[in-house]
Amino acid sequence: MHKHRLLIAVAAVLLLPGCLKSTFREEEPRLDVDRSEVTVRARSGTGFVKDTLYVSGNRSWSVVLAEETGWLSVGTEGFENPSGLRKTAPLVVICEENHADDPRSADLVILGGGEQIIVTVRQKGIQRVDEADSQEIDDYIFEDYGTN
């Protein structure tokens with residue numbers, strides 16, 4: 001009799017999970033970024049200027065450059081998310097220093113779950129100092145960068 005109860009208890013434990021809904025996956029694909037534009041300075045003194053963009057989604061995603069630039073790259077090609085639950089991952093944007101006066105820009109395309117998000121990366125040009133904005137005292141030059 002004790003054996004019979006034990007077999008019934010084991011069978012119930014094995015069959016019970018089949019009765020429960022085991023879907024924990026979010027049904028609707030979602031893909032978001034924390035901002036639609038990244039603006040970085042021209043130079044950092046290290047050869048590269050970096051910034052981090054945060055991508056959230058409940059599916060795996062990948063990132064590509066809209067067009068090859070030679071000065072812009074990313075730290076990863078995407079993020080694997082087989083769980084189907086919303087997760088946030090960092091996407092490092094890497095720009096080579098801009099030694100030109102003119103700013104430059106390029107687009108990143110983030111693809112995931114049938115959705116597409118375009119993020120524009122803008123890099124400032126170097127700023128030249130006008131003679132009127134600097135003062136020379138002895139061997140030192142003081143530059144007025146303003147309050148911005």
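R30 counts as partly exposed, at 40% relative accessibility, where partly exposed covers the range between buried (under 20% relative accessible area) and exposed (over 50%), computed with a 1.4 Å probe on protein chains only. The model is predicted, so that local features need pLDDT of at least 70 and side-chain atom pairs count only at pLDDT 80 or more, whereas totals for chains, interfaces and linings use all residues. Residues are numbered from 1 along each chain as its sequence is written, and side-chain values use heavy atoms, with hydrogens and water left out.

A search of the whole structure returns 5 salt bridges, a salt bridge being a side-chain nitrogen of Lys or Arg within 4 Å of a carboxyl oxygen of Asp or Glu. In one of these, the side chain of R30 meets that of D32, at 3.4 Å from N to O; D32 is likewise partly exposed, at 24% relative accessibility. R30 and D32 are also linked with R86 in a network of salt bridges.

R35 takes part in a salt bridge with D34, at 3.8 Å from N to O, and D34 is partly exposed at 43% relative accessibility. A salt bridge also joins R35 to D51, with the closest N and O atoms 3.2 Å apart. Because R35 lies in the loop between β1 (31-33) and β2 (37-40) while D51 belongs to strand β3 (residues 48-57), this pair ties together parts that are 16 residues apart in sequence. Strands here are DSSP runs of E with at least two residues, and helices are runs of H or I with at least four, numbered from the N terminus. The relative accessible area of R35 is 28%, which places R35 among partly exposed residues.

T120, in strand β9 (residues 115-123), is buried, with a relative accessible area of 17%. The side chains of T120 and D107 are joined by a polar contact of 2.9 Å, a term that denotes a pair of N or O atoms within 3.5 Å, of which, within protein, one must be able to donate a hydrogen and the other to accept it, residues adjacent in sequence counting only if both atoms are side-chain atoms. Apart from residues up to four places away in sequence, T120 touches S36, E37, V38, S105, A106 and D107, contact being defined as heavy atoms within 4.5 Å.

A106 is placed in strand β8 (residues 104-112) and is buried, with a relative accessible area of 7%. Beyond its neighbours within four places in sequence, A106 contacts T69, W71, L72, V119, T120 and V121. A106 and R122, although 16 residues apart in sequence, are 6.7 Å apart in space, C-alpha to C-alpha.
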